[in-house]
Amino acid sequence: MKVLSWNCRGMGSKWTISYLREILYKHKLDFLFLSETKQKFAYVQSFQAHFGFDNLVTVDPNGTQGCLAMYYNNEFQVKVLHSSNRMIDVEAVPYRKIFMSFVYGDPVQKQREQVWERLTRYGLVRSDPWFIIGYVNEIRGNHEKNGGALRDTGSFLSFNNMIRNSGLLEFTARGNQLSWQGKRGKVMLRCRLDRALANKDWHTLFPCSYTEYLGMISSDHRPVVAYLENKAPKRWGQFRFDKRWVGQEGSLESTDRGWGLMSEGSNGDFVQKISNCRHEIARWRKDNPPYGKEKIGELQKELEEVQTDNSRTQEEIIEVSRKLQEAYKDKEEFWQQKSRNLWHIGGDLNTKYYHALTKQRRANNRIVGLYDTEGNWVVEEKGVPKVAVDYFDELFKTTSPTDFEGFLEEINQRLLRNATEDEVHHALFMMHPRKSSGTRWHDSFIFSTLVADNKNGFAAIWSTVSNLRKAR
């Protein structure tokens with residue numbers, strides 16, 4: 001599904017219509033939202049068939065100001081829930097119920113807060129996927145503007161509170177995100193006044209969504225097109241160490257077994273030991289699954305049964321309650337761990353917040369596409385890795401240098417010298433156990449927790465590293 005929003009600053013210009021025709025031909029839109037068309041219904045409707053849409057919802061202008069128009073096709077069952085000169089809010093059913101809000105921010109900042117208040121109310125009551133796009137006429141901070149004086153940070157509070165309280169997340173974006181430009185006096189200003197947002201349920205339904213800011217033509221605003229994709233790329237399973245396992249019965253023993261295993265021909269290889277630990281922990285985990293939604297539901301049902309059964313003792317009620325409390329804590333720690341948030345306060349049951357952070361981090365980290373050497377935007381599943389490989393092949397291609405033997409010998413001597421115990425200790429414990437990204441995050445937590453409690457294990461690591469250096 002593709003949705004475009006554009007503050008076109010009037011549909012009366014032939015230049016505007018030509019640009020819209022070009023956009024529609026290239027992007028094959030499902031929804032087209034235009035603000036400030038400055039034209040009445042009859043004129044806007046005259047382009048409905050021309051643009052290739054079956055339906056149209058409009059809000060007529062106040063004199064020559066404003067006017068909103070939303071075009072869409074019959075493949076979507078659309079029900080208008082609210083329409084005003086600041087918003088068109090609809091319920092749509094492509095294959096399940098979703099909500100979409102097309103926004104036009106009020107030029108007056110104080111009146112703009114009425115729009116934020118309505119959106120916040122929507123966010124608090126909607127449990128289905130919800131998507132927002134439009135000219136919001138506000139920024140989240142001074143980092144979203146270029147030129148002019150810095151604004152007071154308090155002026156961004158209402159907009160940011162609306163986003164946070166509604167559980168909205170940003171999309172990955174490409175192109176020039178400073179979507180508006182204009183002069184204030186003699187100073188040129190550029191700001192990100194147009195954007196798309198969605199709640200976590202939307203990001204779950206459309207996990208590969210992203211936005212693109214198009215060229216600024218015939219208007220002082222850039223069109224924003226949202227690509228809402230529900231087909232996630234295939235990913236291989238990857239072992240992830242879960243810090244909740246530490247201290248559980250059998251977890252440390254599985255690590256010890258893995259470290260002590262000796263496969264044929266390994267000769268106590270350090271990498272092989274780590275691999276053995278991973279396999280042993282994975283085997284232990286299958287027999288000791290962590291608390292999840294199903295387990296919490298079972299414990300809730302069990303607690304209800306023991307509370308209403310007069311034959312059950314108070315000790316039984318306390319025991320089930322304790323297990324349920326542990327399950328909630330376990331779930332909270334899981335999402336806090338995945339969000340990689342470092343200012344977590346113990347006892348805050350806020351898994352929805354951590355879940356939203358995790359979704360946003362995944363959206364920000366997702367590589368939607370890459371530009372190749374000829375400047376073409378590549379998004380195909382097989383094309384993106386090829387662009388990356390070609391780039392690094394070219395980057396590290398040899399220039400056939402000469403007379404560098406002395407330089408390499410000096411570096412080689414430094415690399416081959418024996419590692420000291422202090423160096424190994426410093427390398428293992430310098431990484432924050434919950435801050436380092438990727439596999440380092442998990443390795444540093446494993447070492448700083450398990451190895452710190454096992455001096456013999458640390459000595460073995462140091463000895464292995466030293467032996468590896470000597471073997472070279």
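Strand 5 (77-84) and strand 6 (residues 87-93) run antiparallel and are joined by seven bridges. Strands here are DSSP runs of E with at least two residues, helices are DSSP runs of H or I with at least four residues, and both are numbered from the N terminus. Two strands count as paired if DSSP finds at least two bridges between them. The structure is a predicted model, in which local features need pLDDT of at least 70 and side-chain atom pairs count only at pLDDT 80 or more, while totals for chains, interfaces and linings use all residues. Residues are numbered from 1 along each chain as its sequence is written, and side-chain values use heavy atoms, with hydrogens and water left out.

Strand 5 and strand 6 form a hairpin with two residues between them. Within this pair, Val78 has Ala92 of strand 6 as its bridge partner. Strand 6 and strand 7 (residues 98-104) are antiparallel and share six bridges. Met87 lies opposite Val103 of strand 7, and Val90 lies opposite Met100 of strand 7. Five of the seven residues of strand 6 are buried, so this strand is largely enclosed by the rest of the structure. Buried means under 20% relative accessible area, exposed means over 50%, and partly exposed covers the values in between, with a 1.4 Å probe and protein chains only.

These strands belong to an open sheet of six strands with the order 5-6-7-8-14-10 and mixed pairing. Strand 5 and strand 10 (168-170) stand at the edges with a single partner strand each, so one side of each has no neighbour in the sheet. On average, neighbouring strands of this sheet are turned by 20° against each other, direction ignored. In general, the strands of a sheet pair through backbone hydrogen bonds, either parallel or antiparallel.

Helix 4 lies across strand 5, strand 6, strand 7 and strand 8 (130-135), and runs at about 20° to strand 6. Axes are lines fitted to C-alpha atoms, for helices over the stretch in contact, and angles run from 0 to 180 degrees between N-to-C directions. The axes of helix 4 (residues 109-125) and helix 5 (residues 157-165) come within 9 Å and cross at roughly 10°. That crossing makes helix 4 roughly parallel to helix 5; angles under 35 degrees count as roughly parallel, over 145 as roughly antiparallel, 65 to 115 as roughly perpendicular and the rest as oblique. On the side of helix 4, the contact is made by Glu113, Trp116, Leu119, Thr120 and Leu124, and on the side of helix 5 by Ser158, Phe159, Met162 and Asn165. Contact means heavy atoms within 4.5 Å. The residues of this contact between helix 4 and helix 5 comprise five nonpolar, three polar and one charged. Ala, Val, Leu, Ile, Met, Phe, Trp, Tyr, Cys and Pro count as nonpolar, Asp, Glu, Lys and Arg as charged, and the others, Gly among them, as polar.

Another open sheet has three strands in the order 9-13-12, with antiparallel pairing. Its edges are strand 9 (145-146) and strand 12 (180-184), each with a single partner strand, so one side of each is left without a neighbour in the sheet. Five bridges connect strand 12 with strand 13 (residues 187-191), and the two run antiparallel. In this pair, Trp180 stands opposite Cys191 of strand 13.

In helix 7 (residues 251-260), the buried residues are Ser251, Ser254, Thr255, Gly258 and Trp259. Seen down the axis of helix 7, these buried residues fall within an arc of 135°, so they line one face of the helix. The arc is that of the directions from the helix axis to the C-beta atoms.

Thr211 is part of strand 15 and counts as buried at 2% relative accessibility. Leaving aside residues up to four places away in sequence, Thr211 touches Phe171, Thr172, Ala173, Arg174, Ala196, Val224, Val225 and Ala226.

Ser218 sits in the loop between strand 15 (210-213) and strand 16 (224-227). The phi of Ser218 is near 65°, a positive value in a residue other than glycine. Lys38 also has a positive phi, near 60°, and is placed in the loop between strand 2 (31-35) and helix 2 (41-45). Lys38 is partly exposed, with a relative accessible area of 30%.

The protein chain as a whole has 16 helices and 18 strands. Of its 472 residues, 42% count as buried.
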